[in-house]
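The sequence and the model are shown here.

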Amino acid sequence: DDFVGKPYRFNEIYASLERQLGLKLIYNNESPEHERPVLTLEPEMLDDVSDELLATLKEALETLNAEHIRETIHRIGEKDQALERVLMRLADNYDYPTILNALNKVEQ
C-alpha cells in the first residue's frame with residue numbers, strides 16, 4: 001500500500017512505483033529540442049481579463065470542473081493566446097493552486 005495525493009504528480013507516482021515494486025527507474029535528463037519553455041503565471045498577466053471571466057474561472061477551479069475550466073480558458077484565449085497557453089499548461093498538469101493563487105492576488 002502507498003499513498004499519492006491529488007493533484008497527482010508524475011514524480012510522486014514514479015517514486016511510489018519504485019518503492020512498491022522494488023524498481024529503479026532511469027530518467028533521461030536531457031530535454032527534447034521540441035520541448036516548450038517553462039511558462040509561469042504572473043498575476044499581472046490576468047489584468048486584461050474581464051472580471052466576469054476571472055470569476056467564472058475561479059468558480060470552475062474551486063469546484064474542480066475540468067470541462068468548465070478548459071472552456072473558460074479557451075474563452076480567455078480568444079483575447080490572449082499566450083495567456084491561454086500558460087493557463088492550459090497549468091490546467092493540463094492539474095496545477096489549479098497556481099492559477100487560484102494568481103486569481104486571488106488579482107482580487108486584492
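Arg75 is partly exposed, since its relative accessible area is 38%. The scale used is buried for under 20% relative accessible area, exposed for over 50%, and partly exposed in between, with a 1.4 Å probe and protein chains only. The model is a predicted one, in which local features need pLDDT of at least 70 and side-chain atom pairs count only at pLDDT 80 or more, while totals for chains, interfaces and linings use all residues. Residues are numbered from 1 along each chain as its sequence is written, and side-chain values use heavy atoms, with hydrogens and water left out.

Because Glu52 sits in helix H2 and Arg75 in helix H3, the pair ties together parts of the chain 23 residues apart in sequence. Glu52 is exposed, at 54% relative accessible area.

## The other salt bridges

There are three salt bridges in the structure. Side chains of opposite charge can pair when their charged atoms come close. Arg70 and Asp92 form one of these bridges, with an N to O distance of 2.7 Å. This pair links distant parts of the chain, with Arg70 in helix H3 and Asp92 in helix H4, 22 residues apart. Both ends are partly exposed: Arg70 has 36% relative accessibility and Asp92 has 43%.

Asp2 and Arg19 form another bridge, and their closest N and O atoms are 2.8 Å apart. Here too distant parts of the chain are linked, because Asp2 belongs to the segment before H1 and Arg19 to helix H1, 17 residues apart. Asp2 counts as partly exposed at 38% relative accessibility, whereas Arg19 is exposed at 51%.

## Overall fold

The chain contains five helices and zero strands, giving the pattern α-α-α-α-α along the sequence. Helices (H or I, at least four residues) and strands (E, at least two) are DSSP runs, numbered from the N terminus.

The chain has 108 residues, of which 27% are buried. It exposes about 8,300 Å², and 49% of that area comes from carbon and sulfur atoms. Accessible areas come from the Shrake-Rupley method with a 1.4 Å probe, and for residues only the protein chains shown count as cover. Of the contacts (heavy atoms within 4.5 Å) between residues at least 6 apart in sequence, 49% join residues at least 24 apart.

## Helix H5

Helix H5 covers residues 96-107, which is 12 residues. From its first C-alpha to its last it reaches 17 Å, close to the 16 Å expected at 1.5 Å a residue. The expected span is 1.5 Å times one less than the number of residues.

An α-helix has 3.6 residues a turn, so residues three or four places apart point the same way. Which residues of H5 are buried? They are Tyr96, Ile99, Leu100, Ala102 and Leu103. These residues cover an arc of only 160 degrees around the axis, which puts them on the same side of H5. The arc is that of the directions from the helix axis to the C-beta atoms. The buried residues of H5 pack against helices H2 (51-62), H3 (66-77) and H4 (81-92).

## A nonpolar surface patch

Tyr8, Phe10, Ile13, Tyr14, Leu17, Leu21, Leu23 and Tyr27 form a nonpolar patch on the surface. Together they have about 800 Å² of accessible area. Patches are made of residues with over 30% relative accessible area and no salt bridge; like charges are joined within 9 Å, nonpolar side chains (Val, Leu, Ile, Met, Phe, Trp, Tyr) within 5 Å. One member, Leu21, belongs to helix H1 (residues 10-21). Leu21 is exposed, at 57% relative accessibility.

## Backbone exceptions

Most residues other than glycine have a negative phi, and most peptide bonds are trans. Lys6 and Pro7 are joined by a cis peptide bond, with omega about -5 degrees. Pro7 lies in the segment before H1.

Leu64 has a positive phi, near 55 degrees, although this residue is not glycine. Leu64 is in the loop between H2 and H3 and counts as exposed at 60% relative accessibility. Tyr94 also has a positive phi near 55 degrees. Tyr94 is in the loop between H4 and H5 and is partly exposed, at 47% relative accessible area.

Terms used
Salt bridge = Lys/Arg side-chain N within 4 Å of Asp/Glu carboxyl O.
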